[in-house]
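Below are some comments for a colleague who has the model open alongside this note.

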Amino acid sequence: LGESYTKFVVEELRPFIEGKYRTMNGPENTAVMGSSMGGIISFHIAWEHPDIFGMAGCLSPAFLVDDNEIIERVSRFDGPKLSVKFYMDMGTIGLEDEFSPGLKEMAGLLRSMGMIENIDYMIFIDEGAEHDEEAWAKRLDFPLLFFFGE
């Protein structure tokens with residue numbers, strides 16, 4: 001249902017927020033973020049809609065699920081470097097350890113496309129952190145600072 005969710009975020013949710021609240025528009029001011037599967041869909045939304053979302057926060061993204069679809073899609077990309085900032089993080093315990101190879105592979109793909117770590121993308125490894133809301137809450141400030149500064 002990823003495409004349906006993406007369509008909802010792009011065509012309904014974002015316009016609703018921008019129509020109801022005072023926001024700064026444009027991809028340089030618009031981020032999407034999620035954890036685990038939400039991290040994958042956040043990456044996907046920004047990857048497919050860089051004209052709308054200039055930043056994607058991917059906390060503990062499970063990139064290797066769904067037969068590595070998103071990794072395969074990114075590896076086939078041959079267009080110009082996207083103007084999207086990606087924040088990706090991971091703990092080291094349990095599922096985090098299992099998902100770690102996907103994060104490393106995605107970081108390598110971004111690097112091979114000419115993206116520069118700590119400028120175009122950021123990786124953070126949270127030693128001892130698990131795959132849960134408590135861990136994500138403790139590091140939520142990292143992507144926000146990377147995207148928007150102080």
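1. A residue is called buried here when its relative accessible area is under 20%, exposed when that area is over 50%, and partly exposed in between. The model under discussion is a predicted one, and local features are considered where pLDDT is at least 70.

2. With that cut-off in hand, helix H3 has Ile70, Ile71, Arg73 and Val74 as its buried residues. Viewed down the axis of H3, these residues fall within an arc of 160°, so they line one face of the helix.

3. Helix H6, spanning residues 141-148, buries Pro143, Phe146 and Phe147. Around the helix axis they take up an arc of only 95°, which puts them on the same side of H6. What do the buried residues of H6 pack against? They pack against strand S1 (31-35), S2, strand S3 (85-91) and S4. After H6 comes Gly149, with a positive phi near 75°.

4. Turning to the overall fold, the protein contains six helices and four strands, and from the N terminus on these elements follow the order α-β-α-β-α-β-α-β-α-α. Of the contacts with a separation of 6 or more, 75% are accounted for by residues 24 or more positions apart.

5. As to dimensions, the C-alpha trace spans about 40 × 35 × 30 Å along its principal axes. A compact globule of 150 residues would have a radius of gyration near 15 Å, and the 15 Å of the protein agrees with this. Buried residues make up 41% of the 150 residues.

6. The accessible surface of the protein comes to about 8,300 Å², and carbon and sulfur atoms hold 54% of that area. Among the side chains, 12 are positive and 27 are negative, while the centres of the two sets lie 6 Å apart.

7. Most residues other than glycine have a negative phi. Asn68, although not a glycine, has a positive phi of about 60°, and it sits in the loop between strand S2 (55-59) and helix H3 (69-76). Because its relative accessibility is 27%, Asn68 counts as partly exposed.

8. Asn118 belongs to the loop between helix H4 (95-112) and strand S4 (121-126). Is Asn118 buried or exposed? At 51% relative accessibility it counts as exposed, the cut-off for that term being over 50%.

9. Finally, Arg14 lies in helix H1, which covers residues 2-20, and with a relative accessible area of 22% it is partly exposed. Leaving aside neighbours within four places in sequence, Arg14 is in contact with Val9, Ile52 and Phe53. Arg14 and Arg76 are 62 residues apart in sequence, and their C-alpha atoms are 28 Å apart in space.

Terms used
Residues are numbered from 1 along each chain as its sequence is written. This is a predicted model: local features need pLDDT of at least 70, side-chain atom pairs count only at pLDDT 80 or more; totals for chains, interfaces and linings use all residues. Side-chain values use heavy atoms; hydrogens and water are left out. Helices (H or I, at least four residues) and strands (E, at least two) are DSSP runs, numbered from the N terminus. The radius of gyration is taken over C-alpha atoms; the globule rule is 2.2 Å times the number of residues to the power 0.38. Buried means under 20% relative accessible area, exposed over 50%, partly exposed in between (1.4 Å probe, protein chains only). Contact means heavy atoms within 4.5 Å. Accessible areas come from the Shrake-Rupley method with a 1.4 Å probe; for residues, only the protein chains shown count as cover. Lys and Arg count as positive and Asp and Glu as negative; His and the chain ends are not counted. The place of a charge is taken as NZ of Lys, CZ of Arg, CG of Asp or CD of Glu. The arc is that of the directions from the helix axis to the C-beta atoms.
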